[in-house]
Amino acid sequence: MEKFLYNTIYIPDGSTPLDKSIIYNKEIYNYIEGVGKDDDIVLGCEYNNKIVALSWSRILNGEVKGYGNIDDKTPEIAISVLKGYRNKGMGTSLLKEHLKVLKNNNYKRVSLSVNKENYALDLYKKLGFDIIKENNEDYIMVLNFK
């Protein structure tokens, strides 16, 4: 999961990639540390016998909260599609399936944090996520299940 976690960090085109060790910062590693808790949900997308995309959600309400944390009952979702497999609809399909699973598990809503420049912002808006908070570089978004 570490490869996919690193891949969730938005790096604008033409920017120098961050050192991969950045994922071990508590604020970032919190997204995958100890995966397998009761409220954790992880889905993957396989292509030619290789996992090329992962989505995961968990409630990050401990001492170190997630960037998109809004409360102690709402899971935060993350999605990662490896380069070379993007813009093929896999991430969208995976995200839609993950949202169905969350709704079927009786969650009322889901949150996320997205960089303002990330092209995925349009996808989140299209799927019904609303911006509830704006920070310097990112938005916190929520999708309320109906």
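Me: Why is Tyr67 called partly exposed?

Reply: The model is predicted. Tyr67 has a relative accessible area of 45%. Buried needs under 20% and exposed needs over 50%. The value for Tyr67 lies in between, so the residue is partly exposed.

Me: And Tyr31, buried or exposed?

Reply: Tyr31 has a relative accessible area of 8%. That is under 20%, so Tyr31 is buried.

Me: What makes Tyr31 and Tyr67 a stacked pair?

Reply: A search of the whole structure finds four aromatic pairs. In one of them, Tyr31 and Tyr67 lie 6.3 Å centre to centre, with 10 degrees between the planes. The centres are within 6.5 Å, so the rings pair. The planes are under 30 degrees apart, so the pair counts as stacked.

Me: Which parts of the chain does this pair link?

Reply: Distant ones, 36 residues apart. Tyr31 sits in the loop between helix H2 (26-29) and strand S1 (41-47). Tyr67 sits in the loop between strand S2 (50-58) and S3.

Me: Why is the pair of Tyr124 and Phe129 called edge-to-face?

Reply: The ring centres of Tyr124 and Phe129 are 5.7 Å apart, and the planes stand at 65 degrees. Edge-to-face needs over 60 degrees, so the label holds.

Me: How do you know whether Tyr124 and Phe129 are buried or exposed?

Reply: Tyr124 has a relative accessible area of 9%, and Phe129 has 3%. Each value is under 20%, so Tyr124 and Phe129 are buried.

Me: What does Phe129 contact, leaving aside its neighbours within four places in sequence?

Reply: Phe129 is in contact with Leu99, Val110, Leu112, Tyr124, Met141, Val142 and Leu143.

Me: Which residues have the most contacts inside the largest nonpolar core?

Reply: Trp56, Leu99, Leu102, Val110, Tyr124, Phe129 and Met141. The core has 39 residues. Elements giving two or more residues include H1, H3, S4 and strand S6 (138-144). H3 gives the most, with five.

Me: What lines the largest pocket?

Reply: The largest pocket has a volume of about 1,500 Å³. Its lining has 50 residues, and Asn7, Thr8, Ile9, Tyr10 and Asn118 lie nearest its centre. The lining divides into 27 nonpolar, 14 polar and nine charged residues. Helix H1 (2-7) and helix H4 (120-126) are among the elements that each supply at least two. S3 gives the most, with six residues.

Methods: Residues are numbered from 1 along each chain as its sequence is written. This is a predicted model: local features need pLDDT of at least 70, side-chain atom pairs count only at pLDDT 80 or more; totals for chains, interfaces and linings use all residues. Side-chain values use heavy atoms; hydrogens and water are left out. On a 1 Å grid over the protein atoms alone, a cavity is a set of points where a 1.4 Å probe fits but cannot get out, and a pocket is an open set with protein on both sides within 12 Å along at least five of seven lines; lining residues have an atom within 4 Å of a point. Grid points are joined across faces, edges and corners, and a volume is the space filled by probe spheres set on the points. Helices (H or I, at least four residues) and strands (E, at least two) are DSSP runs, numbered from the N terminus. Ala, Val, Leu, Ile, Met, Phe, Trp, Tyr, Cys and Pro count as nonpolar, Asp, Glu, Lys and Arg as charged, and the others, Gly among them, as polar. Rings of Phe, Tyr and Trp (its six-membered ring) pair if their centres lie within 6.5 Å; planes under 30 degrees apart count as stacked, over 60 as edge-to-face and the rest as tilted. Buried means under 20% relative accessible area, exposed over 50%, partly exposed in between (1.4 Å probe, protein chains only). A nonpolar core is a set of buried Ala, Val, Leu, Ile, Met, Phe, Trp, Tyr and Cys residues joined through side-chain atoms within 4.5 Å. Contact means heavy atoms within 4.5 Å.
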